[in-house]
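Subject: Structure handover

Hello,

Here is the structure I promised to pass on. Please open it alongside this note.

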Amino acid sequence: SQQRDEFVLEAMVLHEKVPLLIRELIACELWKAKAYPHLQDFLSTSNSVKGYLLIYNEAVMANFLEALLYHQDGCEAAGDLIVELADYCHRKLVWYLNSEIPAHPEGVEEVKKAILDETPEQYLHKQQEAINLTCAQYALSIARFFTDHLHSLPLSVTARLVDTYDLLMLLCPLLELKPWQQELKGGEQRRFINNEWVRVSADDARQMHKPEAQAWLAVYNLVLDPEVRKRYQFNSYRKNALMRLRKFLHES
């Protein structure tokens, strides 16, 4: 973005640290699933800051990998572990598709009451949900980078995305549900930006949100990539799911 040399990427590739980041990311995810539930009560009451930092580490790793895998060199440097990262992205996108947008209190008094009544456990849980949403958005970006560089990735990655997980049929309902935004009363809109839900102006609401753009680019790559088209069978179900996106292809 600053039109400078990608010295961080070059260092990570040269010293073979991209596989290490992937292992660390999977370890963070596993720790949150297996160990964190046993420590949650203690951390929320005794050391909520440390608890937040522990669960936020997954988002740090995912964000770092998102920056590195934008480049083809970064994807190639991941080696065989890139298949594990594809599995991770699928898990996060499935969670994203089934996630519920949290209710937002309307009015100043309701907001005050919600803050005052919130327990430490509820606060840490809310922070965890926000981090999970952030990780899901990073996973969506990484999945899109996979579709950008399919020609240079191992065939096992293409098989995972196209045959095993059918990524295209995961992206279509995501674009329909748009879990990254919420319509409020009076026509206002909230979007999940920088780890929190924020209200957006009418002008900003007309612009496409970043996760939606990533999903559209991934769909574009999968539909038009020659190698994917050779192995991907468009049956009636897949065709109908893809055709439902036509309603979004309008002038604005």
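Below is what I found, from the whole chain down to single residues.

First, the ground rules. This is a predicted model, where local features need pLDDT of at least 70, side-chain atom pairs count only at pLDDT 80 or more, and totals for chains, interfaces and linings use all residues. Residues are numbered from 1 along each chain as its sequence is written, and side-chain values use heavy atoms, with hydrogens and water left out.

Overall fold

The chain has 14 helices and three strands. Both are DSSP runs, numbered from the N terminus: helices are H or I with at least four residues, strands are E with at least two. The C-alpha trace spans about 55 × 45 × 40 Å along its principal axes.

Buried residues account for 42% of the 252 in the chain. Buried means under 20% relative accessible area, exposed means over 50%, and partly exposed lies in between (1.4 Å probe, protein chains only). The accessible surface is about 14700 Å², and carbon and sulfur atoms hold 54% of that. Areas come from the Shrake-Rupley method with a 1.4 Å probe; for residues, only the protein chains shown count as cover.

Take contacts between residues at least 6 apart in sequence: 78% of them join residues at least 24 apart. Contact means heavy atoms within 4.5 Å.

On charges, the chain carries 28 positive and 35 negative, and their mean positions are 4 Å apart. Lys and Arg count as positive, Asp and Glu as negative; His and the chain ends are not counted. Each charge is placed at NZ of Lys, CZ of Arg, CG of Asp or CD of Glu.

The core

The largest nonpolar core holds 65 residues. Such a core is a set of buried Ala, Val, Leu, Ile, Met, Phe, Trp, Tyr and Cys residues joined through side-chain atoms within 4.5 Å. Leu-65, Leu-69, Ile-82, Leu-85, Phe-146, Leu-167 and Leu-171 touch the most other members. Helix H8 (residues 120-148) gives the most to this core, with 13 residues. Leu-65 touches Val-18, Leu-21, Ile-22, Leu-25, Leu-85 and Ile-142, leaving out residues up to four places away in sequence.

Residues around H8

Gln-128 sits in H8. It counts as buried because its relative accessibility is 13%. Beyond neighbours within four places in sequence, Gln-128 contacts Lys-32, Tyr-36, Gln-40 and Ile-55.

Tyr-52 belongs to helix H4 (residues 48-69). At 23% relative accessibility, Tyr-52 is partly exposed. Its contacts, again leaving aside neighbours within four places, are Leu-124, Gln-127, Ile-131 and Asn-195. Tyr-52 and Tyr-123 are 71 residues apart in sequence, yet 10 Å apart in space, C-alpha to C-alpha.

Loops and backbone

Which phi value does Asn-195 have? Near 70°, positive in a residue other than glycine. Asn-195 lies in the loop between strand S2 (189-193) and strand S3 (196-200).

Asp-166 also has a positive phi, about 45°, although it is not a glycine. Its place is the loop between H9 and helix H10 (167-177). Asp-166 is buried, at 14% relative accessibility.

Gly-187 is in the loop between strand S1 (181-183) and S2. With a relative accessible area of 63%, Gly-187 is exposed. Gly-187 and Leu-116 are 71 residues apart in sequence and 28 Å apart in space, C-alpha to C-alpha.

Last, Ser-156 lies in helix H9 (residues 155-164). Ser-156 is partly exposed, at 34% relative accessibility.

Best wishes
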